[in-house]
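Here are my notes on the model. Please read them with the structure open.

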Amino acid sequence: MERMEDDKPKKKLTVYLLYCVSTAVIGSLQFGYNTGVINAPEQKLRRFFQNVSMERYGEPFSPGTNTMVWSFAVAIFSVGGMIGSFSVGAMVTKFGRRKSMLLANILAIIGGSLMGLSVVTQSFEVVIIGRLIIGVFCGLCTGLTPMYVGEISPTALRGAFGTLHQLGVVIGILVAQIFGLEFLLGSDTLWPLLLALTILPAILQTIMLPFCPESPRYLLIVLNQEEEARKALVRLRGCEDVSEDIQEMKEEGMKMAMEKKVTIAELFRSPNYRQPIIIAIVLQLSQQLSGINAVFYYSTGIFDTAGVTQPIYATIGAGVVNTVFTVVSLFLVERAGRRTLHLIGLAGMAICALLMTISLSLVKTTPALSYMAIVAVFGFVASFEMGPGPIPWFIVAELFSQGPRPAAMAISGFSNWTANFLVGLGFPKLEELCGPYVFIIFMILLIFFFIFTFLRVPETKGRTFDDIAQGFASSAGKPATSLDPEAMMVGLPENKEPPPMSPTEKVPMVDLPPEKP
């Protein structure tokens, strides 16, 4: 099946499929925009906090209080993200994938409106509440978008389409950086509009989503609506013969029917799920603890330290590099494979982290090293987008079958947001203590993630969801259950499990349970 699917990817790429994927990826753009938008108007927001304090209490906040309110307004976004990402599993099970994305947009409109009205209401609390609500919305997006895109994509295109989530994120960050320029929306009067602009893509996605189908996997496996799933697949694939896709989903559904419902606790208790959930968490940590957010949050300062006269434009340049290399990754992921690109990205980032440390620590005595710092930042960003940027988001959806997938997406998303929060909170203090040597910490972490990926992460390129799940079941010492419909109809003894479907799997004879006498 996999070979056949690999041989006909062009046939399965349709305009309607592109429309549906693009509609879903608007959520990724929202995540990127709201991550990057808060940096440019920092000084304007700090002045706004001071003005509110003067109006209310007759005196401005002390520098310490002002910094505390600012830090809280930034960090609350990640707290909202944790809440949102942890709610993904329950939400998609109850409402489905498409309806969940529609409902999430309500949060974007509420959060954006609150931040836009902050000056009118003369309340910094409104900014903080708006950022919290937007955080919940973005947390939902980080789970809903990769899940929906992964479930509507054919196996041969799943990796390339999975990369589109990260492309949406980096384009969102770049748009936020450009609109945040002083002469656009980053001025003293227009910054509330900059924060409220997130409403527009939310409205656009709300208009476009009703023309997209519900996930065929959700329709067939969860709701048991085979005819609806078939109709959706015919539109997505652009051909009447979708029997292969239906058969694969039925097999996955039969396996689900034989398993009890998978809870978050069960993911860690079951030997079949423990290894993939640990891989999912570590891959998400490899994205956030790589130091990429530290580079982006403080890139203007890094370029300033390196002696760049207009650091904001260098930061936007890093955003352009970010976007370009995400597009490169889009074309490479189905050729080189997920694991290979992730390893290349981690190795490149570790080398660039070392170069950043050397150049920033010696730039005062050797000004020419400022150029090396800029090249190192660009190289760091480019390496990130080759692997650690896009791959953790969609590989999680590939590591799990339909049953445990929502719970796994919730756990991995929560891990990502928690790490994001800790880096945002801890990096300024670490930088204060370590100076330019702070990137040595990230280099050590990157080396650890490289070793873990090399030893533990399987290649998922061109493999069906069920084949990947069987690989983990085999490595856990328990052969995966066959999903042959004929075997299901005949019925098997309760403790006898048939051989795995994948012809490449080798299960030791000793691991097979004994037959009943």
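**Notes on helix packing and two residues**

1. H13 passes H14 with a right-handed crossing. A crossing is right-handed if the near helix is turned clockwise from the far one by less than a right angle, and left-handed if anticlockwise. Helices are DSSP runs (H or I, at least four residues), numbered from the N terminus.

2. The contact (heavy atoms within 4.5 Å) uses Glu 226, Arg 230, Leu 233 and Arg 237 of H13. From H14 come Asp 245, Ile 246, Met 249 and Lys 250. By class, this contact has three nonpolar, no polar and five charged residues. Ala, Val, Leu, Ile, Met, Phe, Trp, Tyr, Cys and Pro count as nonpolar; Asp, Glu, Lys and Arg as charged; the others, Gly among them, as polar.

3. The model is predicted: local features need pLDDT of at least 70, side-chain atom pairs count only at pLDDT 80 or more, and totals for chains, interfaces and linings use all residues. Residues are numbered from 1 along each chain as its sequence is written, and side-chain values use heavy atoms, leaving out hydrogens and water.

4. Thr 357 lies in helix H20 (residues 338-362). Thr 357 counts as buried because its relative accessibility is 4%. Buried means under 20% relative accessible area, exposed over 50%, partly exposed in between (1.4 Å probe, protein chains only). Beyond neighbours within four places in sequence, Thr 357 contacts Pro 436, Tyr 437, Phe 439 and Ile 440.

5. Phe 421 belongs to helix H23 (residues 405-434). Its C-alpha atom is 7.1 Å from that of Val 79, 342 residues apart along the chain. Not counting residues up to four places away in sequence, Phe 421 touches Ala 75, Ser 78, Val 79 and Met 82.
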